[in-house]
Amino acid sequence: MEGETQEEDRPSQRLGLCDSLHTSVHDQENSPTVRAVLCSRVCRVYRFQTNDQRWLLVREQMSETPLSFSLPKKLIRMLIHELTNRSQEVKELGDLSPHWDELRLDVLDHCNDLLRCYQETLIELDKLSASSCFKSSTSKSEQHLQFIPTNLHTQRMEVTGPDGVWYDVITFGAPADHHQAFKHGGLRRLLCKHTKHQDSFVSYSRDESFRARELLDSLAQLQPLIFGLAEELLSISLEMSPARLKQILDSLVYQTEQFVHAVKDELVRSARQEIHNHCNIRQLHANGFLCDNMPTNQNGLQYSKEEEEYDEEEWDRAWANVTKSINCIVVMVDRLQGKELSFLDPFLPTSPLFSIVLSASSTSWQEQLLPLVVTLRDCVREAVEKARASMTFVVLQEAVAASVGQGPANVLQRRHAVFSQALSAVVCGFMLKLQAGLEDPEFLQQLHKVGVLAQFEGLLSTYGEEIGMLEDMEVGVADLRKVRFNLVEAKTEQVDDLLPTNGVVINVPLPSESFASLPSELKDGCLIPICPVLFNIGINQQQSFAERFGDSSLQEKVNQQNCECLKTYCQTLQQALPDMAGIQSVPDMLLSLDRSLEAKKRKNVEVLWNAAMVCRKVNGIRLTSCKSAKDRTGMSVTLEQCVLLRERHALSQQHFGRALDTMRRWSTLLPTHFAPKAPRRHFYPVAFLLVTSHLLVLWLILSLVILLSKYQ
């Protein structure tokens, strides 16, 4: 043991540090999941004195993670696949009206720009070593590293003892796009500039677009099939073979029923309503909103001045006519086969369009079926045109909203990059939290009933470029709400098989033994939602300028909005698990958080402390960020660790300050090859005096030179 103390002859008060590794009974590092997630570990072991004069043995461990590179690369591949599919989808929409064709070209240009950039980025990332798992702060502005989180580490503190407690904090540079920089602000400001353009777009989900494409495929298959069977029915009718005629009729009826079932999809009805809301469409061309003899509105869609009100029954009549026409054919075939009609079919239409031709017995079967088959084809064709136009509208609107509607390609690229950085950090935290809670039934119940909380602690100022970073971070954290975790059984315990795969749903593999111990809901694929919240308090000198001469309203708004999200999560958790350990104290903690937000104090770090307390109480993931995750982050994490030791493990109050100094002096979070060590408290006055004296001497010398030059 070695360390610094004011009374070297009193070993009972010594605060020591041990560079050798310590092995505890409850060491989690040997688990396959932890070995897959962590790499390049650096450890320190400390010995601190408690209130009852005992020794507290604490191990601090900092690790890098291969998720820094593996997850962003998988995300980029997923984006490339998605953009390629979207381009192909809009290309296959066929002929469109000029306005919609122009939108399609915009979507294609937008997708192609992103595709080119992402493919180049992926090529550059693939050139890096397979063991790459760290992006230093000096590389944060490099273009090909946009998607990689800066300085991502896991900071873990183990308090040894019979139960062996671990406290984890994920530290990384605030998720932001340093390559594009912040001249025009961050994502929050950039996205606000484009909200006015989104009013002309109807928002459809990716699932709805997928359903629309499925329906378009079904229509493309069923229409020619129905037409072919109808023609075959007419041909067979010349043979006057009842058995053969009945066989073809049964196939025709089945395919027609499938057709009606497909076009009755509620998505078609809602899409037609949206189309009408935009332009009062009355007639639709089969390939999309085009009739040469009709006027168009400002969006390029055609409308009829004679009929401006939407007829909700128009679409019902379209598919009902298909049903009526096939029923008419069935009735006629039964009659031709000599069957008596014992009742009047309820679907039998009275309109002349659907009247049954009761001709003389000398008339051929084909002549009697022909007008009914023609009617069936006309009704199917009309229903196809209306449904195809509606589904084309859905596919194109989703493509527009997901590309052009998100702003220029560089804004969407920025959003993807920021999301990628935040995603890598939160997935790393989730895997460690999951590993720690695999033997906790309450935690596993919490996962599938409520989900997991992820609390991001920001230390960014609201001055200068860091405003843009905070704007980026706010959007990136909010985008994590669409992420879901799915626990799956790993194929093997090899590292590659234990790393997560991503998309909107992150598949998290677990070894077979761990997977078998999960509740049935999680084993059956129950998705685990994530509730991300962000609390930011600027703590550096720039924040002092912002509070005196600038504007900190963004910080206040972010904190207040996320406080409401945190309250909602905690209320849901309390309702789902009312007997959960410690849940009864959460309302009081939230009340303290509310008071700290209302206090309006400068650099009010109580907000961060209270939010962190709530997070740990509800088994949340803790993440801390500043610009580069070095000095401010190191100060925050070491302070939090010492507070935890004091509050939960009886660290002596008289040794609290000395323990904090020791951890900051030897902190693994600030090793020399990552960042400068935390400065000693007496450093700044001395440095200031030295710099000031040198500047004064330089000024005097320059003044003397100027005076001498004048006299000469």
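1. Phe456 touches Phe172, Val426, Met473, Val477, Leu480, Pro532, Val533, Leu534, Phe535 and Leu623, with residues up to four places away in sequence not counted; contact here means heavy atoms within 4.5 Å. The model is predicted: local features need pLDDT of at least 70, side-chain atom pairs count only at pLDDT 80 or more, and totals for chains, interfaces and linings use all residues. Residues are numbered from 1 along each chain as its sequence is written, and side-chain values use heavy atoms, with hydrogens and water left out.

2. Phe456 is also one of the residues with the most contacts inside the largest nonpolar core, together with Phe259, Ile329 and Phe430; this core has 129 residues. A nonpolar core is a set of buried Ala, Val, Leu, Ile, Met, Phe, Trp, Tyr and Cys residues joined through side-chain atoms within 4.5 Å. Buried means under 20% relative accessible area, exposed over 50%, and partly exposed in between (1.4 Å probe, protein chains only). Helix α9 (residues 365-402) contributes the largest share of this core, 17 residues. Helices (H or I, at least four residues) and strands (E, at least two) are DSSP runs, numbered from the N terminus. Another core, of 27 residues, lies apart from the largest one and includes Val533, Tyr569, Val618 and Cys626.

3. Arg622 is placed in strand β10 (residues 621-625) and counts as buried, because its relative accessibility is 2%. Its side chain makes a polar contact with the side chain of Gln455 (3.1 Å). Such a contact is a pair of N or O atoms within 3.5 Å; within protein, one must be able to donate a hydrogen and the other to accept it, and residues adjacent in sequence count only if both atoms are side-chain atoms. The residues that Arg622 touches include Asp168, Glu457, Arg616 and Glu640.

4. Phe545 belongs to helix α15 (residues 541-549) and counts as partly exposed, because its relative accessibility is 37%.
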